[in-house]
Amino acid sequence: MVEEAIGHVKRGAAIAPAQENPFLFLGRLSKVLDNVKAAERMFTRAVQIQPECMEALRELRLINLRRGKIEVCWADCCAGSHANLLVSAVARGQFGQAREP
């Protein structure tokens, strides 16, 4: 069932490659199948297309939290948008410290 849904969403991504939603859905479906690497690639692609895609940014943050790569401590990044902090980290291919307001 999930594999069939992935096939449909992949066709949608091929039709609309400049839209972030198919990649967001592919990431979620990959998570259902416990394919974290594929999920991370799809969420990263969604953020590359739409840098302020909060759902994809949140998913990437959760993946990295589970890996123990980032520290949750949002108080210090409030001078700028925390979305911008995460977007720049995604663009660099790494995550630094993230701090929530």
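Here is a short chat about reading the helices and their packing in this predicted model.

Q: Let's start simple. How many helices and strands does the protein chain have?
A: The protein chain has 5 helices and 0 strands. Reading along the sequence, you get the pattern α-α-α-α-α.

Q: Since this is a prediction, how do I read the confidence, and what does the protein chain average?
A: The score to look at is pLDDT, the predictor's confidence in each residue, from 0 to 100. Here the protein chain averages 79, and 67% of the residues score at least 70.

Q: Now the packing. How are two packed helices described?
A: You use the angle between their axes and the distance between the axes. Take helix 2 and helix 3: their axes come within 8 Å and cross at roughly 165°. That angle makes helix 2 roughly antiparallel to helix 3, since angles over 145 degrees count that way. The crossing of this pair is left-handed.

Q: Which residues in helix 2 and helix 3 meet?
A: From helix 2 you have F23, L24, L26, G27, R28, S30 and K31, and they meet A38, A39, M42, F43, R45, A46 and I49 in helix 3. Sort the residues of that contact by type and you find 9 nonpolar, 2 polar and 3 charged.

Q: What about helix 2 and helix 4: at what angle do their axes cross?
A: The axes of helix 2 (residues 21-32) and helix 4 (residues 54-67) cross at roughly 30° and come within 10 Å. Angles under 35 degrees count as roughly parallel, so helix 2 and helix 4 are roughly parallel to each other. Their crossing is left-handed. On the helix 2 side, the contact is made by L24, R28 and K31; helix 4 brings E55, A56, R58, E59 and R66. By type, the residues of this contact are 2 nonpolar, no polar and 6 charged.

Q: Can we zoom in on single residues? Is E40 buried or exposed?
A: Buried means under 20% relative accessible area. E40 has 19%, so E40 is buried. You'll find E40 in helix 3. Leaving out residues up to four places away in sequence, E40 touches L60, I63, N64 and R67.

Q: And G12: where is G12 found, and what does G12 count as in terms of accessibility?
A: G12 is in helix 1 (residues 2-15). With a relative accessibility of 26%, G12 counts as partly exposed.

Note on methods:
Residues numbered from 1 in each chain as written. Predicted model: local features only at pLDDT ≥ 70, side-chain atom pairs only at ≥ 80, totals over all residues. Heavy atoms only, no water. Axes fitted to C-alpha atoms, helices over the stretch in contact; angles between N-to-C directions. Helix = DSSP H or I, 4+ residues; strand = E, 2+ residues; numbered from the N terminus. Parallel < 35°, antiparallel > 145°, perpendicular 65-115°, else oblique. Left-handed = near helix turned anticlockwise from the far one by under 90°. Contact = heavy atoms within 4.5 Å. Nonpolar A, V, L, I, M, F, W, Y, C, P; charged D, E, K, R; others polar. Buried < 20%, exposed > 50% of the residue type's maximum accessible area, 1.4 Å probe, protein only.
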